[in-house]
Structure formats: structure tokens, C-alpha cells
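Colleague: I would like to learn how to read a model like this one. Could you take me through the features one at a time?

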Amino acid sequence: MRYLPLSDTDRSEMLARIGVKTVDELFADVPKNLLLKEPVDLPRRKGELEVERILSRMSSKNVAASSVPFFVGAGAYKHHVPATVDHLIQRSEFLTSYTPYQPEIAQGTLQYLFEFQTQVAALTGMEVANASMYDGSTGTGEAVLMAHRVTKRRKAVLSGGLHPHYAEVVRTLSDMASDSVVTLQPDVSGTEDILSQIDDTTSCVVVQSPDVFGNVRDLEAIAEKAHKHGALLIAVFTEAVSLGLVASPGSQGADIVVGEGQSIGNALNFGGPYVGLFATQSKFIRQMPGRLCGETVDADGHRGFVLTLSTREQHIRRDKATSNICTNSGLCCLAFTIHMTLLGETGLRRLARVNHANAIKLADQLSGVKGVEVLNKTFFNEFTVKLAKPAAEVVERLAEKGVLAGVPVSRLLPGAGLDDLLLVASTEVNTADDRAALCAALKEVL
Amino acid sequence: MLNRQGRPSAPQAHGVADPAAGMGDQAARLQGDANRAAGSATGSHPTFTGNKALAQIEPLLFEIGRHDTTGVDIDEPEAFESRLGGLERKEAIGLPGLSEPETMRHYVRLSQMNYGIDTGLFPLGSCTMKHNARLNERMARLAGFSDVHPLQPVSTVQGALELMNELGRYLLTLTNMTAVALSPKAGAHGELCGMMAIKAAIEAKGEGTTRNVVLVPDSAHGTNPATAALIGFVVKPVPAREDGWVHVEDVKERLGPDVAAIMLTNPNTCGLFEPQVVEIAKAIHEAGAYFYCDGANFNAIVGKAKPGDLGVDAMHINLHKTFSTPHGGGGPGSGPVVLSERLAPYAPVPFVRVGQDGFELVEQASDAAEKPFGRMTAFHGQMGMYVRALSYMLSHGSDGMKQASEDAVLNANYIRAGLSDLMSLPFGDKPCMHEVLFDDAWLKDTGVTTLDVAKAMIDEGYHPMTMYFPLVVHGAMLIEPTESESKASLDLFIATLRDLAMAAKNGDKERFTGAPYHAPRRRLDETRAARNPVLKWTPPVPVAEAAE
């Protein structure tokens with residue numbers, strides 16, 4: 001077996017040194033009748049070539065985003081990631097290191113986490129950011145719990161524009177913790193009356209912008225009302241690139257900003273791994289979940305970085321911890337940070353403009369297709385269209401024609417009576433040919 | 001004079017009376033580094049830059065980047081009329097950029113300050129730092145896995161669903177369990193998933209308000225009590241016994257109609273298999289409660305024993321430990337949860353189902369015949385990790401996985417045998433599983449602590465073991481070599497620890513208390529970091545302003 005360095009001679013010598021005859025003597029505490037005598041009922045070892053064949057066969061049954069005109073978004077976006085990013089995150093010293101609990105030999109990880117925290121704070125317009133969460137959805141669940149700790153109230157109000165998976169994650173966690181959640185009706189137009197839901201028992205309002213239907217939401221009035229009632233505004237985003245062009249949630253009064261960072265540096269990966277971004281104000285840091293990297297000095301007075309404020313965390317506080325989170329998304333934050341470093345402010349803003357411009361072109365072209373109505377007044381790089389036929393059916397027909405057109409709203413919100421709605425995303429990867437292909441295919445199907 | 005790299009722009013002669021005079025903060029720092037070189041063991045040859053050949057000083061991105069620089073060529077779009085509804089960003093973001101070569105160098109230099117499995121032995125107990133095969137990386141990057149969207153039509157991702165189904169089959173076969181929830185994103189998230197399934201099952205029986213206690217042995221990972229508390233359970237500890245085991249009488253004593261579950265790690269964090277696990281499971285079940293097993297230490301028993309046979313109701317599996325998906329400096333992980341027949345109906349969405357026309361993905365509770373308790377995350381979990389883990393399992397096969405567990409256990413016991421005369425074993429010199437636990441009794445009266453030993457190991461080129469965990473042992477040192485180490489590697493490691501042990505006992509305190517001497521940093525001041533948290537870079541105050 002190529003991964004196992006011990007030879008049979010080594011094993012015999014080692015057993016002799018330990019003072020046992022067989023390796024099973026070391027398993028003496030396992031009940032005898034339950035110790036397996038034979039390998040389990042699975043295939044035997046395979047060489048690299050054979051494993052490659054098996055997995056390549058499975059892979060080839062999937063339609064890769066790059067191989068077709070591709071407009072699927074709804075919380076995960078197809079962007080171009082520079083080759084440098086994937087090379088660097090595969091450096092052994094990054095890839096095969098552990099959580100930096102021994103900071104003297106983990107300054108590489110710690111310094112990029114410090115850079116990541118700084119970038120995320122800047123991007124969201126907040127004072128501090130943590131060293132990442134698993135993803136945007138679980139981060140949102142954690143943000144709600146944090147708001148409960150800060151306000152000592154236990155009721156969250158979820159906007160109808162919040163990604164339905166995110167809402168479901170929050171509801172699952174809240175139900176289990178016996179906290180209450182008010183979820184507003186799906187809000188296709190971004191015009192819901194969320195203000196009237198906020199009162200003195202509200203812990204937090206959770207609003208996504210751009211929302212799941214693509215609307216860019218004005219958060220200021222919501223923040224103001226929330227603060228008047230002692231509640232927090234949790235601003236959510238699922239498309240990090242939007243922050244290059246849209247006013248930051250921090251500038252609009254958000255107390256906690258949480259979102260999905262996949263768009264920058266990370267592949268689609270069929271849903272994971274991704275990276276949750278989490279930022280807040282300095283006064284709340286001791287209620288924050290997740291790891292934090294902080295600056296300090298070493299014994300010689302040189303600047304260095306360490307994980308800090310760990311008295312919030314489970315390995316110290318156990319059942320009194322702010323969260324049970326342990327692992328974060330280390331390598332995905334590294335990818336985010338490297339891509340963001342390559343982009344810089346100039347590149348990020350330009351990338352965001354290209355996304356917005358492409359989406360505008362697409363929306364305008366789709367408006368010219370019979371049976372298609374673009375519903376959004378505002379959007380960044382994704383919007384909702386109303387189709388003359390059920391969207392799920394249309395998407396399936398278009399997939400047969402080699403066009404991946406978007407996400408039917410019915411897939412996220414079945415039974416909501418929104419079966420004719422389709423979410424369409426357009427990023428920098430889309431060409432004029434892609435747009436033409438989508439419009440042509442829709443004309444045939446509708 | 002500093003250039004944009006934060007370095008002196010022209011060579012300056014050594015021996016200047018005060019070379020830092022008139023320099024900014026960065027230059028002073030550089031000078032400090034140069035002085036450090038002068039003061040260290042290798043410092044008889046100070047360098048101008050403070051660098052020491054391959055050991056390079058690397059400033060923060062924010063100290064070397066420029067706001068007008070980008071390393072990505074993107075064409076400006078044609079003019080357009082914004083549809084942002086007046087919500088355009090007006091203020092600058094404050095994000096510097098670097099060109100591509102500068103980016104490459106910046107992060108390569110950072111990487112060189114890190115220790116990884118590929119650097120050397122990484123005996124971090126309960127973390128299973130085994131070899132990360134690059135085949136798995138290549139497989140995870142196949143376009144059909146990495147470049148597919150979670151919400152593409154199911155007809156266009158049949159291979160991805162097949163892979164998830166196959167991974168599930170492997171996990172269920174290895175554990176003899178009924179159902180698997182793949183979506184949890186890490187071990188602690190898996191624990192949460194398993195405990196939610198237990199809570200849902202209890203509520204289904206109408207005992208939601210009465211069964212609210214979870215028993216957690218003192219030796220458990222911190223995530224266990226944190227998880228239970230997160231969803232409203234009251235945590236009651238089960239004390240540790242002198243032999244390192246959890247005793248069935250101690251569990252029975254605490255059982256009652258209020259107990260929902262026990263969270264037991266097996267093999268436990270003392271490196272021991274719980275010999276009474278079957279009796280404990282039986283007692284738990286008779287009391288109407290559930291058995292959650294923390295699977296962090298599954299690597300000792302893969303292919304040797306099946307948790308389902310031991311009476312486990314739910315167990316998370318850290319794909320990033322047992323099945324070698326890279327730890328990546330702290331993630332991403334993946335924590336699928338296997339469930340017994342009693343809990344299977346409550347598995348969260350989404351899950352893969354084999355339908356008439358191929359694989360189906362059940363994404364809504366309303367589409368399930370079972371009673372899913374909800375959803376753990378957006379989309380379907382850590383696909384990238386599923387591919388790597390399955391690649392590992394296919395490569396090892398049933399025989400290789402069994403051999404890997406045996407080698408992992410053999411290696412740990414070999415270390416135990418090599419050190420038991422010099423270091424102290426808190427539970428006596430008896431066989432361990434895949435990790436061996438020492439305490440600090442052997443350091444008594446030496447003035448050296450577990451932390452000092454760890455830092456001295458860094459100087460010897462090793463990553464330290466897990467220290468001060470589990471909490472039930474004083475000054476714990478938990479060593480897990482994994483199956484990836486050769487005998488030669490273990491021999492050198494044992495010899496090194498013997499040398500360190502002798503040095504400590506012979507009073508060579510300085511070797512320990514000042515360590516590390518040779519790492520990229522000396523010991524870091526964690527107290528200072530926590531007392532006055534600096535969590536992001538802020539621009540230095542201009543000299544003129546500061547003087548006002």
C-alpha cells in the first residue's frame with residue numbers, strides 16, 4: 001500500500017519491542033466478538049490509475065459550468081479564479097498545516113488570517129471580522145445566536161428576501177434552541193414591510209442584499225428602526241463581489257454582517273467547501289463566534305500573530321462557549337485573501353462593474369424575448385424573470401439544449417406559488433454568445 | 001529610504017552608528033530583525049535586511065500593496081446605466097493590491113513560516129495529521145466535481161450524486177449504521193447534527209420537555225458540551241476514573257428519565273478504547289436515551305470494529321482526520337454523521353436517494369417519506385471533501401484501511417514502549433489505541449512545563465503534540481503519530497524525546513523555557529494579544545499628526 005511506510009519486517013520488530021505477539025493484542029479492549037477478523041465488505045486497494053479511472057467516470061457524467069452557457073446563481077456564483085490562487089493554496093505548508101495553535105511555526109497561516117480579517121472588515125464596512133465561518137448560511141445561524149446573546153432577547157425576524165436555505169438553517173437551529181423566528185413571506189419585489197415586524201421583543205432583523213431575488217435593498221431605515229427598539233440589524237450577502245459596487249452594509253448601519261465568500265477565490269464545488277465571512281463592531285467582539293487572529297510580539301519584541309480571545313471558545317469554555325465551532329474554512333479564506341490581493345481595490349471594483357454591466361445586458365436582452373418578463377427594478381448580477389411556463393420545466397428543457405439557465409424559484413420555495421419564476425445570474429464569465437444562446441433557447445421553449 | 005516592499009531601497013553600509021535613526025516604523029522593525037539575528041545563536045553574522053537566507057521577513061499585504069495596483073487583467077465594461085437604485089458605494093474600500101509576481105512571492109514567503117505534515121512529523125493527538133495524498137487533490141479538481149453548481153438541474157449532476165451515494169455506502173459499511181447525513185461542514189457541525197437528530201427523536205416520543213440532560217465525560221472534547229448546550233441541553237459531567245475509562249456504574253448512577261443522551265468519545269481522548277462501551281450503550285438504551293459517539297478517534301478502529309456493533313446511535317466522522325482530507329491550516333473540514341435505525345428517519349435534508357431514473361436529491365423535508373429535522377447548511381455540504389475522502393477509501397480499499405488502523409495503533413504503542421521509562425503514563429503502561437497520553441509527572445521538580453517541552457520540540461524540527469488536553473490529566477501530552485510515519489521516523493522522534501527528557505531531568509532548563517530559539521518567531525505573548533486585541537491592520541498615524 002503506497003501510503004503506508006511500514007514493512008512487514010518493521011511491524012514484526014515493533015511488535016517485539018512493544019512486547020506483544022500480534023497487533024490484535026493491542027486491540028484487547030475491543031470486545032472479542034466485535035473485533036473484525038476480515039476486512040469489511042468493500043473492494044480491495046487500488047492503484048492511482050484505477051482510482052483516477054473510477055472518479056473520472058463519475059466526473060464526466062456531470063455538466064461543468066465552464067462547458068456551457070451558464071447562468072446559475074442563487075447563493076453560489078461562477079467566477080474566474082486566477083491560476084495563482086489554486087497554486088498557492090496547494091503549497092504543502094498551507095495545505096497540510098493544522099489550526100495555528102503553535103503560533104511560532106504557524107506565522108504563515110496567522111498572517112494571512114490577519115490579512116483576511118482586515119480585508120473582510122474593509123469590504124463589509126465593519127470594525128472587526130473573524131477568521132471565517134463554514135459558509136454564509138451557517139454564519140447567518142451563528143449571527144442570530146450572537147444577536148440573542150447581545151440583546152438577551154430570543155426572537156429573530158427574517159426578511160422574505162433571505163435565501164430560503166439560509167432561512168431554513170436559522171429556523172432549524174432556532175427551533176432546536178427553543179428560540180422564536182418570524183419569517184416573512186417570499187418578497188419577490190423587495191418591497192416587504194419589515195419595519196412593522198420590529199418591536200421591543202425583537203433581537204435581530206436579518207436582511208439580505210442583494211436579496212435572493214436579486215433586489216438591492218436599502219438597509220438604513222431598517223437599521224434605524226431596529227436600533228430604536230434595541231434590536232440588531234444582521235445584513236447578509238451571498239455574492240461577495242457585489243460589495244465592490246454596492247454601498248457596504250456597515251455604511252448603512254448594520255450591526256453584524258455575514259455572507260458567503262465563495263465568489264472570491266473559490267470554485268463552485270457543488271456547494272462546498274465555501275467560506276463564511278463574519279464582521280461586526282468592536283464592542284461586540286467578546287460575543288463573536290469563531291476564531292480570531294490578533295497581533296502581538298514575541299519574546300524578542302518582534303511582531304507576530306496568534307489566535308486570541310479564545311476564552312469565548314469551546315475548548316476553553318465548554319458548555320459556556322459562544323459557539324461550538326472549532327474548524328473554520330482556513331484554506332478557503334486563504335483562497336479568498338489571495339484572490340482579493342490580486343484584485344486589489346481597482347480590480348474588485350472593475351470586476352463588480354463588469355458583472356453588473358453583463359447582467360444589465362442580459363436583462364435587457366431577455367426583456368425582448370416573448371414570454372419573459374424581468375421583474376427587478378434593481379439588481380447587481382442576478383435578477384428574477386417571470387416565464388410563460390413553469391420555470392423548472394423550462395430549465396430542464398434548456399439543459400437538454402446545453403444551456404444552464406438559472407435556478408427555478410420552485411426549487412428553493414416549493415409550494416409558494418412562484419413556479420413561473422426563474423433566478424438568472426450573469427458574471428464576468430458570460431459572453432455575448434452565451435447571452436444569445438440563452439435567449440435563442442428560451443424562444444424555442446416558451 | 002524605503003521602497004514599496006518596505007525594505008531599504010539602497011544598500012547601506014554596516015557599522016553606521018544608528019542605522020534606524022530617521023527611519024519609519026517599518027525600517028525600525030527591519031532593524032529590529034537584524035538585531036535579532038545578531039542576538040541569536042546564529043547571529044554572529046547579522047545581515048543588512050534582517051533576512052537569513054531562506055528565512056525571509058515578510059511585511060503585511062497592507063504595508064506593501066498599492067491601491068491602484070491590480071494583478072488581474074479585466075477590461076473595463078462599456079458604459080452602462082446602473083440598476084443599483086442609488087445604492088452605489090461612495091467611499092473607498094481600502095483594499096491594496098499586488099501584481100501577480102508580488103502576490104506569488106508574498107504568499108510563498110508566508111508559507112515558508114508554516115509547519116505542515118509534509119514538513120515533518122505532526123503528532124497532534126486527536127487530530128490525525130496523516131499524509132494528504134495529492135491524487136485526492138487532483139480528483140477534487142476534476143471539472144465534473146469542482147466546476148458544478150449545487151443548484152444545477154439534477155439531470156446534469158448524476159455523477160456528483162453517485163459519488164455522494166458511494167461515499168455514504170462506504171461510511172455505512174465501515175460503521176454498520178443505517179443512514180448518513182453528509183452535509184455537516186466539520187466535526188462540531190456533525191455533533192450538532194447528531195444531537196439535533198436525538199432531540200428530534202425525543203420530541204417525537206413526546207419527551208421533549210422532560211429529557212433535557214446530556215452526560216459528557218470530563219475527558220470529552222470541548223465541542224461536545226458546547227454543542228449540547230447550544231441546543232438547550234443541560235450538560236452533566238461523568239467524572240474520569242483513575243484508569244482512564246468511563247465505567248458503566250458511573251453512567252448508570254446518572255441515568256434517569258431526564259437523560260437524553262451520552263456523548264462518549266471512543267476510542268477516548270486518553271488514547272484508550274472504552275472496554276465497557278457495549279454495556280454503557282445497553283444501559284443508555286434501557287433508560288430510553290441515545291448514544292452519541294464522537295468519532296474524532298475513528299482512525300484507530302476503521303476496519304477493525306464497527307461503531308454500529310457497539311450500540312452507537314449517532315457518530316460524526318471527521319473526513320479531515322480519518323480520511324485524510326487536508327486540514328488546510330484549520331479547515332475546511334467535513335463531518336458526515338452516521339445514524340442508527342432509531343435515528344435514521346430524522347436525518348436532515350438534503351440527502352441522495354436512488355430513484356427509478358437515477359439519483360435523486362431530496363432537498364425539502366416535505367419531499368421526504370422520513371421526518372427530517374431540518375437543514376444544517378445551504379446546499380449539500382463539502383463536496384470537495386467527499387471526493388478526496390472517497391479517493392482515499394478507493395485507494396486503501398478494505399484491506400488498506402484495516403492495515404492503516406493497525407499501523408496507526410502500532411506506531412502509537414511503539415512510541416509508548418520507547419518512552420515509558422522516561423516519561424509518565426497516567427493510566428499505567430498498558431496498550432493504547434492510535435495515540436498515547438503522557439502526563440507531566442515526569443517533569444516534577446525540573447522547572448520545565450508541558451508547554452516548554454512542546455516549544456523545545458519545535459527547535460528539534462517537530463510539531464508539538466496536543467498539550468493540556470484531555471483536561472483530566474495534569475499537563476497532558478497527547479501523541480498521535482498516525483500510520484503515515486516510517487519506523488526510521490519514529491526511531492528519531494523517540495530518540496529526540498528521550499534526549500529532551502534527559503535534558504529536563506539533568507537541569508538544562510534553558511533549552512526549554514526559552515524555546516523556541518530557531519523558529520520564525522520566539523515565544524509569542526498571548527496575554528498581550530488578548531488584553532488589547534488588535535484584530536486588523538490600521539494605517540500608521542503620520543509622524544506629523546502623532547506629534548501634534
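Modeller: Start with helices and strands. They are DSSP runs, numbered from the N terminus: a helix is H or I over at least four residues, a strand is E over at least two. In this structure, B:A53 lies in the loop between α1 (25–39) and α2 (61–64) of chain B.

Colleague: What are the ground rules for numbering and for confidence?

Modeller: Residues are numbered from 1 along each chain as its sequence is written, and chains are lettered from A and ligands numbered from 1 in the order in which they are written. This is a predicted model, where local features need pLDDT of at least 70, side-chain atom pairs count only at pLDDT 80 or more, and totals for chains, interfaces and linings use all residues.

Colleague: How many helices and strands are there in each chain?

Modeller: Chain A has 13 helices and 13 strands. Chain B has 17 helices and 12 strands.

Colleague: What is pLDDT, and what is its mean in chain B?

Modeller: pLDDT is the predictor's confidence in each residue, from 0 to 100. Chain B has a mean of 92, and 91% of its residues reach 70 or more. Residues 1–42 of chain B stay under 50. Where pLDDT is low, the predicted coordinates should not be read in detail. The model scores ipTM 0.98 and pTM 0.95.

Colleague: Which residue has a phi near 55°?

Modeller: That is B:A53, and the value is positive in a residue other than glycine. B:T482 also has a positive phi, about 65°, and is not a glycine. B:T482 sits in the loop between β12 (477–479) and α14 (487–505) of chain B.

Colleague: Is B:T482 buried or exposed?

Modeller: Count C-beta atoms, placed from the backbone. A residue is buried if 20 or more others lie within 10 Å of its own, exposed if 12 or fewer, and partly exposed in between. B:T482 is buried because it has 25 others within 10 Å. B:A53 has 6, so B:A53 is exposed. Over whole chains, 63% of the 446 residues of chain A count as buried. For chain B, 57% of 548 residues do.

Colleague: Where are the cis peptide bonds?

Modeller: Look at omega. The bond from A:G272 to A:P273 is cis, with omega near 5°. A:P273 is in the loop between β6 (256–260) and β7 (276–280) of chain A. In chain B, the bond from B:V349 to B:P350 is cis, with omega near -5°. B:P350 is in the loop between β7 (337–339) and β8 (351–355) of chain B.

Colleague: How do I read the contacts?

Modeller: Two residues are in contact if their C-beta atoms, placed from the backbone, lie within 7 Å. Take contacts in chain A with a separation of 6 or more: 72% are between residues 24 or more positions apart. In chain B, 71% of contacts between residues at least 6 apart join residues at least 24 apart.

Colleague: Which residues touch the most other members of the largest nonpolar core?

Modeller: A nonpolar core is a set of buried Ala, Val, Leu, Ile, Met, Phe, Trp, Tyr and Cys residues joined through C-beta atoms within 7 Å. The largest has 320 residues, and A:V205, A:I234 and B:A197 touch the most other members. Helix α10 (residues 330–367) of chain A gives the most to this core, with 20 residues. Leaving out residues up to four places away in sequence, A:I234 touches residues including A:A143, A:V205 and A:D255.
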